[in-house]
Structures are given as C-alpha cells and as structure tokens.
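Here are my notes on this model. Please read them with the structure open beside you.

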Amino acid sequence: MKLTIHEIAQSLYLPLGTVRRWIRQGRIPIHKNGSDFVFNEAILSKWASAHNLAFAPPKKGPEKQQDPELENLFSAIKRGGVFYDVKGDDVASTLKVAVENINVLNNHSKENLYQRLLERENLTSTGIGKGVAIPHPRSFLSDADYRPFITTCFLEKPIEFAALDNKPVFVMFILLCPSVKSHLHLLSRLAFCIRDDSFVDFLKTFPSSDKLLLKIADFEEQLDRTDQY
Amino acid sequence: MRIFKSWRYPASWKFFRLDDRLLLMLMAVIVGLCSGLAALALNRSLIAMFDWVHQYHHIWWSFVLPAIGAALSSLFLEKIVVEGAGHGVPEVIYSVSRYGGLLRFRSSYSRLISSCLTIGSGGSAGPEAPVVMSGAAIGSNIAKYFSLNDRQRVTLVGCGAAGAISSIFNAPIAGMVFSIEVILGEWKSVNIIPIAIASVAGAEISRILQGNQIIFSHLQFNINLLDIFSCLGLAILTAVASIMLTRMLRSMYGISNKISAPIWVRAAAGGCAVGIIGLFLPVVLGEGYHAVQTMIGGTFSQGLALVALASLAKIVATSLTLGWGGSGGIFAPCLVIGSLVGLTYHQCLILFWPSISWVNEGYFALLGMAGLISGMLQAPLTGIFLIVEITGGYEVILPLIIVSAISTSLCHYIEPASFYLKELVERGHLLRPGTDARVLSDLDVREVIEENCITLKQNMLLRDFINIIKISPRNYFPVEDEKTDNFLGIIHLDDIRPYLFNPDMYDVVILGQIMDTQVDVVHPDDDLSEVLRKMDTHHLFSMPVVSNNKFIGLISKASILDQYRKELVVQTSQ
Amino acid sequence: MKMEAQLFHIFRNNPLGRETLLQSIYFCKKLGASPVVYIPKFTRFLMYFENDVVQIDLDSSYLSSPDTAITHATDLLEQGGVSIRFFEPKHYTATTLPDIHTNFDYMACPRSISDLSTKIGLGYIGPKVRRIVNSARFPVLITSPVYKEWHSIAVFFGGSANAVNALKLGFRISRETDLPLDVFTYVGKVSRKSYKQAIKDENLEKEMDRFVNKWHIFEKGSFEENLYKVPHTALVILGAYGHGLIKNFVFGSKMEKIQSIISNNLLIVGPNYVATQ
C-alpha cells in the first residue's frame, strides 16, 4: 500500500514527527520510496497491535457515516406533535391520556413509556414552575434507534403537579431522547425558552402548532448567536 | 536505469523489505572482511615500523623517537585529516546512542595511520581502540552507501567493531562480546547474529593471511586449590592498578589541557618522557606483546622490585602517551600492566609463603591481564573471553571468572563509569536503548504538543469566556494580545471556578486582569527532560509552548506519558 | 498558531557576511520565517543528517572579532525587523566539535564556507555546500554576493522528479509572498510535449494555471544565451540533480551552468527534500 506520510500518521493516530523518526530509525515496517511510503497492510497491522497502537487505514469505499448531529428543539417538537385539551384530573391520568396521543410508538411501548414517566414523577416532580412540566423517562427505552421528539400537550384544565413553585401546570412537554447527550441538549434549550416569562405568557394563549414552532425557531436563533464567540 | 539506481537501495528490495535479517547477514560479511583487513593492515605496519625503529635503539638519542612519533601523529590528525585526537571508542558509543551510528568517513583510516606513528615509534599505547574506531567507521559508511536505516546502521557499526577486534586478536568470541557489551549495550538476537558473522569473517581473514596462531601460548599449569584462593588477592591488586591507571590518565589530560602550547608540542613532550623511561625500562615501550609473551611463558624472571617498578612505570608511560596527545588505545597497555601486576603478586606470594609451591608465574600473569581489562572496561565477559581466546587457556577459566568478576565489581564501586563511558556519562550522553534518558532524548517537544487550543484575547469579558468554556475540553487557556497576537499569559480554570456561576461578574471582569503573566514557558527546541524537570520543580501539569512570542500549543504531562509509553514499547520490543 | 519556519544562518563577522545576513533577513521577511543565527566559536562542526554526517570546516574568517559578532548580528536583525534568536549548540561530539541539528526549514549558505572569500565567485560552489544540498531535507539558499532584493520567482523545470519538487516549492513561495512566478524550461533532446506530460502526470495543471505568470519554453538558441531572459531581480528555484546515471554523484549539468552564469539568489532543492506541507 502506498500512502503519504500525513495519511499514515493519521491512520496510526500519531504525530507526524514521530512516524517520520521511526521510519528513519527503522523501528516501524514502512519503507521510504522517494516521497511515497510503502508498506504491507497486514504486517503493519500486526506490528501495531503488537506494540499497543491503534491502526485504522483509510478505507476505499463509501464515506464513513458521520456522527448524527444533535437535533434542535424545532425538529423535535415538530416530530412529537402538539396536542390540545388533554383531559385528566391528576398527574397519572393526564400522563396516560398524553401518552396515548403519541402515535410514533406502538401500544406496548406506550404502556412502557407511561410506567416510566410515572416512575420519574414519583421520584420528583418534573414541574419546573410557571405552570410548565417536562415529563421524561429516567432511563431510555431499550429500542434506542429513534430520533428525539418532544410531545407538547396543552391541558384542558390546570392540574396539581407538586411543582417547584406549587403553581398548577397547564402545559406538558414530554421529552423522549435516545441518548444522554441529545437529552441534555434539548432540555437545556427548552429551559432557556421557559426561563423567559414572555414565552410562558405566549404558551398561555394556547398557540397553534405553526405559531409555536415559529416562536421556538426565534429562541433558537438567539441561542445560536450566543454560542458563537 | 531503474536497475542501476536500485542496487544502491537494497533495503527497499521487496525480498528484504519484509525481513532484513538476511540483508544484515550479507552486509555483516562484507563489513567483517573490510574491518578485518584494516586491523591486519595496522598490525603489519606496526610490526614493520617497530622493526625499522629498532635499528636505532642503541643510539643515545633514541629517547626522542617516541616524541617524534607522537608529534607527527597529532599533526596528522589536526592538520591533514582535521579530526582531533582523543579516544575513538567514546565517539562511536556517542554516535550509536544519539545519531544511529553515523560516523565520518575519515575516521576509517585516520586513526590507523596516527596510531601507527605513535605506537610504532615506541609510544605506550595499544592498536585496538583505533582499529575498533576504523572498523566501526567502515561499517557506518557501508551502511550509508547502501542507505540503510538507523537500526541497521547501528548493527553494522557493531559488526565493524567486532570484526576488527576478532581480527587483531584472532579472538572471534571476544570481538562479539566486546561489541555487544561495550559498543551497543544491548543484547538482542537481531544484533547478535550479524555481529557473530562479522566476527567470524574478521577472524577468518586474519587466519588466512596470518595463519591461525594463538598469540600467547603457554605451558601447562598445575593448579591446585590454593592457587585458586590466591587469585582473590590478585583481583584486588588488579582493581587497584586499574583505578590508578584511570586516575593518572585523567590527571594527565587535565595537566595537558592547562598548558597552552600547540598540540603537537605537548605530544612531543609526552613522547620524550616516555622515551626517557624507556631507556631504563624498555618493557614500557610500544605495544609490549613481546614482553607479555615472555611473562606468560614463565621466562620473565625478574625480582619483585623490578617487576613492581615496571608496572608502575608502564602506568605512567601509558598516561603520558595518551594523556598528552598521542593516539592509541588502552587494551594492549592493560595486558602488559596486568601481566606485570600478576608477576608482582606472584613474587609477593613467594616472599611471604616461600614454602608453598605456587604455580608457574605465567598463570598469575594471565589472571592479571584478565583483571586489568575487566576493571578498566568494566566488561567482565569481554575480559574473560579475550584471555581465554588469546592464550588458549581454557583450564584457567575458573580463577579467570573470579578475578574478572571481583575486579569489575571493585572498580565499579569506586569509579561508577568505566574508562570509555566516563566522559559520556558526565556529559549525559550515554543513552543506552530502552532507558529513560534515551526515550526522552528521542522524543521532541513538537511530537508531544497539543495544538487544538482555543485562545483568548486580553480584552474579552468573563461572559465570552464562559461561552468558550462550554465547548473547550481544557483547563488552561492562553491569552493573546489583540493586535499583535503575542502571548501574554495563561488563565487556569481553577482560578476563576468560584466566580463562574456568579452572573453579576460576567460583564465586569476583563480577562487581561485575571490572567497569570508570570508563567513558565517551553520553547519548541527545549529538551523534554528539561521540560519535565521544570514541571516537577514547579508542580505543573501543563505548560504553554511559546516560540517567537507566539503561542503554539500546550504540553501536558498526560500527553508526554502517552508518547513516552508508545516510544518505550517500540524501542524495547523489536 | 502554527510554528514559523526557521532559516539557519552561520554568521561571518565581516562585510561579506553582512551582505549574506541581510539577504537571509530579507528572505525570512518575505516568507514569514524567522532566522536562527549561529555565531561559531570553533571552526569545525558536524551536521548530522538522516543518512550522512557532514563535517564543516569553516574558513577562519568566520571566527573574526568574536566580541563584536553578537552586536553586529543583533543590529542587523533589529534593523531588519525580525526576531533575534541565536543558536547555541547543545551537544558536542568532541570538545571542539559541536553538533548542529538539521530540523530547519531553510538554510542560507554563501557559495563556499570552507574557502577564503577570494575564492567565492560565480561558477564555484564549495564541496561542503554540495554535500549539504545532497543530504538535506530542506532547500538551501545560496545567496548572491551582494544584497539584492527579489521581486519575482523563477523556477527552472527540467522534468525530473527533483524539478517537480522545485516547482511545487515555487508554487508555495508564490502563494505565500504573492509575487509573480515564471517557469523556464529548456527543451533539449526531449520534445515540448513531454514536459507538459510531466506536469499532467503530477496533477499540477491547476497550480500551473493559478500561479504561473508565464511558462517560457526555450527551443532555439543555446542554454546559456537563453539565461539572459531570466530577470535579474528574481529568486531562482531549481533542483540540484537531473536525469542520468550518475545523478547522485554530481550536480546536474544544467544546474552547473545556471549557477555559473547568473548571479541571482538561488534556492536549491536537493534529492532528499521533503515538503513540509
């Protein structure tokens, strides 16, 4: 196999200077042929594992799958859907009705989700104040191959949620993410929005799905701007 | 045209690329033959020169002869070859440690000529160290001609040294062991086989051209237990003699350096002194192999006083020759001094215990030689094998081992570094493979540096800094000047951790106020051992690398450890 | 922040050496490199390359007036506006034989460093300089005898692998200095097409379009006559070796002619040159 020295250094996860020095000292089975470097892939692989080094030769073929980017609120909320007049007198029944609405899951998963949401509520309330709650399962569903989504449920009437400020809750954002990273990411963004009183007031008007998404997009733009330094 | 070009790059032929051991073996044969020839050439010319000079020995002014020889030799080295005198073997070891055995081409022949001049005219030195240097240089230049890499070149340097020693002494095992023990310092199978082959090649060519002779033959010895015990005392005496020789050599170097006469005048002065001593005690002149032969043969037969005086005189003569600018090695003088010391000891034994029938004095001469070589070089195996091979006396191997081992240990206790290695150790240049010093000297700051650091500007607010902390994986942040990009200081996360969650401070604190400007920096050209020392004294785990006032990256102990381990594994597990 | 390129310069403390240092400073400023100046204390030193150790015996004028050497060099560097860095050898092979490492990016040499100044003239490149060019991984800048600024770049392209390296170096310098680049090729026994083919083989057509102002291909007249067309204010970049059987032993014939006829600054690319990009 013929590669340039930069590619070799990258495949071995070593600095360029080190690889060059080892070739000069004869410690690595790679030979210099003018400005190209020639080696036998199998032998180099064996050498690397014998010396505790990682070796990942560049593969010829389809590009490696890029790590999926973290999704933002906009797409998550869109995917989860917005529902109005969700019935229920207490936490448990409201959650049950809300979960029923989620049509991306099958019945078995819905039951599973409901149990976990209840479990989480019993630990501490997910009512974070100002009438907003963000129920989410404590650990993630076993079939982790799904995209994150947030189901927005505007309740028919406010219910006691044992929230932090003891105010009754009028809207629930059910958060379902496949990984800790995406969960934290969405949670922090949502919290940023909710921290703004004007957003909560906006929610109290029970806005339509499009208006809600627009508002969310606005907030996300703000966030993206501060993230640039 | 391709064929013509590629014959000079055998290491890249497909056959050899996979496994270069066969290539090294073939090269070893070539190197062994060449260095063997070089050794023979020196040997023959020494014999010829000594015979020629001998005619003049009866003239009254013959004591100037060593002076002339030493002066000529140092002039030759300084002006014609422009190399500089001094021992070749430390230079070979230095180059093997640090530069993969690169030696100048002129070293392959310069020392042969200069030592021929020094020794042939009567100077008290040995031809072995120059021959080792020539052999090593021959190996190195053959490796250079065929564009071999460092590891292969080092092996060929070892082959050259082994070929030279085995040829000049007709002692293949000693050549091998010397090369591995002293020059290379590591016993690896990939080295041993080519070196063995070169050793055989050198010895073989010597046998073909000179005949298979044992240099110092001797009578049968009848050894009994008491003789074996007595060698303990001899070991101690030889250790003392080795230390004396080492110290005296060093003091002579020191005195010679203080005098500001040109180098050939100093060499002449030393030679004169040797000549004068030689007038009274001719045994101190030249190599001294004739004398050794008589001593081992048991026919030296001089009284205690004379022998003791002779050994002291030889020590002084050797120091004068070598310390004042002459060119040569210490092997042969060690053999002579050793035999003389052995004889002294034998005479003492007879003096104190006249009733016991001690074995022939040749036996003690033999053991004395072994003791002195092992003590000076601190290489007991070389001493043992050399003596066994040059005397053919395997039956004395038991006392031989005892004397070598004890002498080495005593000398090591008093002088921790052997004669060849002393100056290298003092300068910190003895880098044996697989040692901490070697790993650190191979690694470069540029290989350990982490460059993906986010830099701050001194007029940024704490608020901006918070945003950066969100995405940076580090604890240290360098601060640069807005206009010139010059490095100003470092901010460590620990310093502002208490204030990170106090939003009131976000717009009030300017980074230029809180940065640390009195920070130790590292330059890309610094030695890694120096960097680690700085880190240890100031208890730092991370330091900025700054060049030309610009920040380049960070160097941390964690990344050093990572690279250090990788380097150590690769260096030691071939 | 990437590290700046470094140019190694051995300072000769006399008017001739001043010209060479000024030239090095100019080169560094143009390329954003920084000079590393060595004021020798001994006439000899060893340069350890990858496959060769070269002993340099400096002409004794290099050691003249050591007490003023540092001040002279510092003044010149300050006036030139480049950073002041002096090289102190850290390792010594013998007490009077310092080791000089070779991880520089450029090295500046006068035409000879072992011979008296009187011998330095066109047509002569000292044997040590030749050995350095042969073994070095960096290009060697052979300065013109008098300080002369250069305002364009001229690359001699002969089609060999060495010449391709020289051409790539030319592209890089043109890009970094924004100076116009001209390529000169003398069509000898081979046809014009084969040079174009050589460019195509190395995938350099795009760069040729982007950087090269004009590709002068000389088909008529002798080589020497055509050299007049090389602008006298150009930095000339060329490979040291050409084609042929004995290519590793002597400089190429064209290279010898060039260095004996024109007095521009020459940046010579040796066979072991490795591009740092």
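1. Start with Val284(B). Leaving aside neighbours within four places in sequence, Val284(B) is in contact with Ser124(B), Ile277(B), Gly278(B), Ala313(B), Lys314(B) and Ala317(B). Contact here requires that two C-beta atoms, placed from the backbone, lie within 7 Å. This is a predicted model: local features need pLDDT of at least 70, side-chain atom pairs count only at pLDDT 80 or more, and totals for chains, interfaces and linings use all residues. Residues are numbered from 1 along each chain as its sequence is written, while chains are lettered from A and ligands numbered from 1 in the order in which they are written.

2. Where does Val284(B) lie? It sits in the loop between helix H12 (263-280) and helix H13 (289-297) of chain B. Helices (H or I, at least four residues) and strands (E, at least two) are DSSP runs, numbered from the N terminus. Val284(B) counts as buried because it has 30 C-beta neighbours inside 10 Å. The cut-offs: buried means 20 or more other C-beta atoms within 10 Å, exposed means 12 or fewer, and partly exposed is in between, with C-beta atoms placed from the backbone.

3. Val284(B) and Ile469(B) are 185 residues apart along the chain. Their C-alpha atoms are separated by 78 Å.

4. Now look at two packed helices. H6 (residues 107-120) and H7 (residues 128-145) of chain B pack at an angle of about 165°, and their axes are 7 Å apart. Axes are lines fitted to C-alpha atoms, for helices over the stretch in contact, and angles run from 0 to 180 degrees between N-to-C directions. H6(B) is therefore roughly antiparallel to H7(B). Angles over 145 degrees count as roughly antiparallel, under 35 as roughly parallel, 65 to 115 as roughly perpendicular and the rest as oblique.

5. Which residues meet? From H6(B) they include Tyr109(B) and Leu112(B); from H7(B), Met133(B) and Ile138(B) are among them. By class, this contact has six nonpolar, five polar and one charged residues. Ala, Val, Leu, Ile, Met, Phe, Trp, Tyr, Cys and Pro count as nonpolar, Asp, Glu, Lys and Arg as charged, and the others, Gly among them, as polar.

6. Chain B also has an open sheet of three strands, in the order E1-E2-E3, with mixed pairing. Two strands pair if DSSP finds at least two bridges between them. E1(B) and E2(B) run parallel, joined by two bridges. Leu456(B) stands opposite Val479(B) in E2(B).

7. Finally, the contact between the chains takes 20 residues from chain B and 17 residues from chain A.
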